[in-house]
Amino acid sequence: MMTLSILALLVAVLLTVNSGWYFIRRAGKKARRQALYALLAFIISVAAAAGHPGGGPGPSGSLQSQPRSQAQAPVQAPAGTPLSRESQTNPSPRREEAGKLRVHFLDVGQGDAILVQLPGGQNILIDAGTNEAGPVVVQDLKQYAVAKLDYVIGTHPHEDHIGGLDQVINTFPVGKVYLPRVTNNTASYRELLLAIKNKGLKVTEARAGVSIPLGDGVQALFINPAKKNYDDLNDWSAVLRLTYGQTSFLFTGDAGSAAEEEMLASHQPLRADVLKVAHHGSRTATGTAFLKAVAPAYAVISVGKGNDYGHPHAQTLKRLQQAGVKVYRTDRDGTITAVSDGREVIMP
């Protein structure tokens, strides 16, 4: 259009000059006709120039003139929030907030599954619920942006604790696996051992006095099992005390009264801000003396809604109430996340 405008203007100038020459010489009809043509050419050139003031680009250049402030900025999910399916396909920044430790008590029905996300980005998984809960745990871990499990702990070989671990191990890269030195002749336990073998991993024994090298100001120490034999498989539970700054957590698996008595006799520090109540709140766990030694501000019971065992037991709930402990339950609250900055623990 710019070229047409220039050509029309040149033609108008030439015709005007030519018509003026005719006016001077003859002042006839031909001169008047050329003057009319010159006027039309001038009008066309002015109209063409007005259509594109400033000589800017056509439609293809319109986006370049859009104000920068109208461009949409990328949106990031708040730290600690489960990722949507869309964000899983587009890697987002790591979710752990600087200096924060997060403990997710996953809702897996009647069973245990706990994800611990350290301030430096390491991930610990303690149990993975039943066989049926395995896919749920895998999905939950993906939503919490877990790319690798640095440490996997199977507290004891009951199906409601280790049933989903084989699916987790088959899905994620795993650094190290901790299990107590006890076996169970079940399909679930054999599948777990097979998954460990297929990944080329070795089992490290979880027993009292063994620490996990975490760094970042976080310490993790097993305080059970201490004996070489127990009558009840639950008492073999690997009990882990995790501390971060001035805060602490105690994860107890299904440890019963015999294990509690041993832990009390060992004089190991048991104090914890958050207690994962043993054995889904059964009557035979979380005794008065043990509860007094731990002195938690918060307790979490991982339990299935309407389960056949009557968990949590009324006596256990009464002991927690009398101790002034605020109780959270996965059957009522769903997945529960505790956050520590090293000075205090924030619960939902």
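The questions and answers below concern salt bridges, a sheet and aromatic pairs in a predicted model.

Q: How many salt bridges does a search of the whole structure find?
A: The search covers the whole structure. One of the salt bridges found joins the side chains of Asp341 and Arg343, at 3.1 Å from N to O. The count is seven.

Q: Which residue is linked with Glu205 and Arg207 in a network of salt bridges?
A: The side chains of Glu205 and Arg207 meet in a salt bridge of 3.5 Å, N to O. Glu205 is partly exposed at 25% relative accessible area, and Arg207 is partly exposed at 40%. The network that links these two residues also includes Arg181.

Q: Is Asp273 buried or exposed?
A: Asp273 forms a salt bridge with Arg271, the closest N and O atoms being 4.0 Å apart. Arg271 has 41% relative accessibility and counts as partly exposed. Buried means under 20% relative accessible area. Asp273 has a relative accessible area of 17%, so this residue is buried.

Q: Which strands are the edge strands of the open sheet?
A: Seven strands form the open sheet, in the order β7-β8-β9-β10-β11-β12-β13, with mixed pairing. An edge strand here pairs on one side only, and the two that do so are β7 (211-215) and β13 (326-329).

Q: Which residue in β8 stands opposite Ser211?
A: Strand β8 spans residues 218-224. Three bridges join β7 to β8, and the two run antiparallel. Opposite Ser211 stands Leu221.

Q: Why is the pair of Tyr230 and Trp236 edge-to-face?
A: A pair of aromatic rings is described by the distance of the centres and the angle of the planes. Planes over 60 degrees apart count as edge-to-face. The ring centres of Tyr230 and Trp236 are 5.2 Å apart and their planes are at 70°, so the pair is edge-to-face.

Q: How many residues apart in sequence are the parts that the pair of Tyr298 and Tyr328 ties together?
A: Tyr298 and Tyr328 form a tilted aromatic pair, 6.4 Å centre to centre with 55° between the planes. Tyr298 lies in strand β12 (residues 298-301) and Tyr328 in strand β13, so the parts tied together are 30 residues apart in sequence.

Q: Which residue lies over the face of Tyr328?
A: Tyr328 is buried, with a relative accessible area of 8%. At 5.2 Å from the centre of its ring, over the face, lies Lys326.

How values were computed. Residues are numbered from 1 along each chain as its sequence is written. This is a predicted model: local features need pLDDT of at least 70, side-chain atom pairs count only at pLDDT 80 or more; totals for chains, interfaces and linings use all residues. Side-chain values use heavy atoms; hydrogens and water are left out. Buried means under 20% relative accessible area, exposed over 50%, partly exposed in between (1.4 Å probe, protein chains only). Two strands pair if DSSP finds at least two bridges between them. Helices (H or I, at least four residues) and strands (E, at least two) are DSSP runs, numbered from the N terminus. Rings of Phe, Tyr and Trp (its six-membered ring) pair if their centres lie within 6.5 Å; planes under 30 degrees apart count as stacked, over 60 as edge-to-face and the rest as tilted. A charge sits over a ring if NZ of Lys or CZ of Arg is within 6 Å of the ring centre and within 35 degrees of the ring normal.
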